[in-house]
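Dear colleague,

Please find the structure below, together with its sequence.

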Amino acid sequence: MRLRIPAALGRRGWDVAALAAGLAGVLVASAGALPTAVALPLLAGFVLVGPGALVQTMLRLPSPTRWLVVPTLGLAVVVVTTTAMAWFDAWQPRLSLAVLAGLVAAIAAVRLLPPVGSRVPAG
Amino acid sequence: MLGQERSAPVLVSGNAPAPTVARPGGAVASGWVLPAALLAASVAAWLVAAPSLSTDTIDNRGLLFAASPLFAVSLVLCALAFLVAVGGRRHGLAALVLGVSVVLTRLPTAVAVSLPLYSWTYKHFGVIDYVSTYGHLDHGVDIYHSWPGMFTLFAWVNELTGTNSFQLALWFTPVYQLALTAAIYVMARAWRLGRGPALVAAFIAHTANWVAQDYFSPQAVAMLLAVGVLALLAHSGKGRRAIGTPHPAAVWVALPIYAGVVVSHQLTPFWLMIVIGAGCVFGQIRPRWVMVVFAATVIGWTALNYDVVSSYGSIFHFDPMGNVARNVNGGNPSDGQRLTSLAGRFTTISTWLVTGVVLLLRWRRREQRRLTLTLAALALGSFTVLLGQGYGGEAVFRVFLYSIPGCALVIASAVERWLTGRARWGRTGRLAAVVSLLLLTGAAAQAFYGAWFANRVDQDALEASVWIVEKAPADAMVLALAPGAPGRVVARYTEFVRNNRDFDGGVDAWDGWLGTDFKDGRVNEMTDAMLGDNHPTYAVITAQMKVYNAYYGLFPPGAIERFENQLLTNPHWHTLVHTPSLTVLVINQAAA
């Protein structure tokens, strides 16, 4: 039995992960009263996957380091963002999550669309 | 295995790749049955012992002695299962056993108590509550508001998900330790250790970490992020000096993670700077000038908060011997505390000694000397923490904590060679390695669990503490005889701190009070002085304080009860609560 961290969740896979995580974040930001048992895993999914997966899809960091960088980068992004909000007296948890998650989801979605030039005209 | 999977030429460990078929001296090498059976026995023993983990029978030697002996047996069996699995190169099974080991070791901190451990955890709740309540920071009130990353993170989580800090803190340690152990494994792989050595590194980092900085704290968050930075640094080199597979963006991805460390904890980024500096100087991190960017980040943030730092004394205060001192001094500790202290020292010194020997051997063998110097900085660079500002007597713990990832990285390959019988003396070497690591496991577990009862927080003490901070006038003082009361739990604590930074200081810190038996008239003199000060003063005596005192021996036996009785019978003190586990009094200014 060999321990093997998957070497490649392909570039598209990371985009899909970022999109799903971003949507999870948007859901938490937009739904006011999700039960904690639902909201916590969704938010954790966004923080630990979303921003990091987006960066991973662009930079393709080596494995297995990527499996550590994806969650820690997301964590760091939220730590710095929330620190900045509190520091500058602009505490908006829901809005900040909506912006962060919306950006991650939007960028991932755009990346998943086929390039315009590659579309073959019908007929 | 080492150096085979990637083309970069630099290896952290110079040993040859492990053979995949021939397993010298290893009857157990081909089997998964023995480690699996040991694992099953370990889990079964833990489950049988589980009800005893929440015992109220206090033993100054800690939980390992107070709970069923099967608890200690389960931890040792699990460690043995891991070592046998690694020895047989069953890496998947070893990873599973390591995960279970983390759970068995740390789960009692969540399931055997109803409130989070350590009275000082609760100070963090107050900062989180402050951010949630007011949406900003109170710069200057204490050091937490200047390094708020962890607090703002969890205030944000609480607000978005409906969790509260108590729930998060209760489950934080086992979840965090799992994450940190996995992170160390990945970091070790990034630093080009093979699967076996990387698993051993993660095991050592988990097992040796007795300092209990894995609770709900800024230190814990910063440490996890720091390991992410360290993994990325391995990819930040060029050419033959690169440690891992070079990636041009790795060092720049490390920068925002480093920024997360910088805003979360005041000490961790400086420790990382030592490693980054060494990596840049000795060629493992390129471009070299990136060091300036990292340094500017931490120096800039520290400069922003220099007023707060300097209020605790000079940042360049040079007192290494003072920093070596621990945070609990004096008194006459119990035999249990002495045993626990001995176990902690054994774990720490043996880890450092073995690391030093391995580094010296690398140096003598001329194995990539520049990398050896960077590894030395990673493993032992944390000693420079002692040269800086005092850290509340905790600096020496931080030195060990920061050294753990590096020491684990340095030691792991040699240990794995012993365990797999590829080093000298075959089976004898393997046996010696297994016995040594089991000894380390036992000692570290004792060091971790020795102060268990002194660190348990009671519900009534928490309620009293919250009540005082919510209801008392902001110029009030809260008098505690010894550590053992959760304080500063809610946002309003800042109003008290603005009046008096040490509003809830312990009597044990007063000159000449530590160790007294209260048979003299000092309690009456103290009361008279407080009446003269004209500040409302509350006295809190908790059951946890008595347990803490019995463990650390700050005062002679019976002294706390004597102090308590003197207050109860003094007409200037009005009793608010008096139960077997809690006494709260307030000084009665009207009766003066």
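Helix 2 and helix 3 of chain A cross in a right-handed sense (a crossing is right-handed if the near helix is turned clockwise from the far one by less than a right angle, left-handed if anticlockwise). The residues on the helix 2 side of this contact include A:V47, A:G50 and A:P51, and those on the helix 3 side include A:R66, A:P71 and A:G74 (contact requires C-beta atoms, placed from the backbone, within 7 Å). The residues of this contact divide into 13 nonpolar, 4 polar and 1 charged (Ala, Val, Leu, Ile, Met, Phe, Trp, Tyr, Cys and Pro count as nonpolar, Asp, Glu, Lys and Arg as charged, and the others, Gly among them, as polar). The axes of helix 2 (residues 36–59) and helix 3 (residues 65–87) of chain A come within 7 Å and cross at roughly 115° (axes are lines fitted to C-alpha atoms, for helices over the stretch in contact, with angles from 0 to 180 degrees between N-to-C directions). The two helices are therefore roughly perpendicular to each other (65 to 115 degrees; under 35 is roughly parallel, over 145 roughly antiparallel, the rest oblique).

The model is predicted: local features need pLDDT of at least 70 and side-chain atom pairs pLDDT 80 or more, while totals for chains, interfaces and linings use all residues. Residues are numbered from 1 along each chain as its sequence is written, and chains are lettered from A and ligands numbered from 1 in the order in which they are written.

Between the chains, 34 residues of chain A are in contact with 45 residues of chain B. Helix 3 gives the most to the chain A side, with 16 residues. That side divides into 26 nonpolar, 5 polar and 3 charged residues.

Chain B has 24 helices and 4 strands (DSSP runs numbered from the N terminus: helices H or I of at least four residues, strands E of at least two). The 4 strands form an open sheet of mixed pairing, in the order 1-2-4-3 (strands pair if DSSP finds at least two bridges between them). Strand 1 (477–480) and strand 3 (573–579) of chain B each have a single partner strand, so one side of each lacks a neighbour in the sheet. Strand 2 (residues 537–542) and strand 4 (residues 582–587) of chain B pair in the antiparallel sense over 5 bridges, with B:V540 opposite B:V584. Helix 20 (residues 459–471) of chain B lies across strands 1, 2, 3 and 4, at about 20° to strand 4.

Yours sincerely

Technical notes
Two residues are in contact if their C-beta atoms, placed from the backbone, lie within 7 Å.
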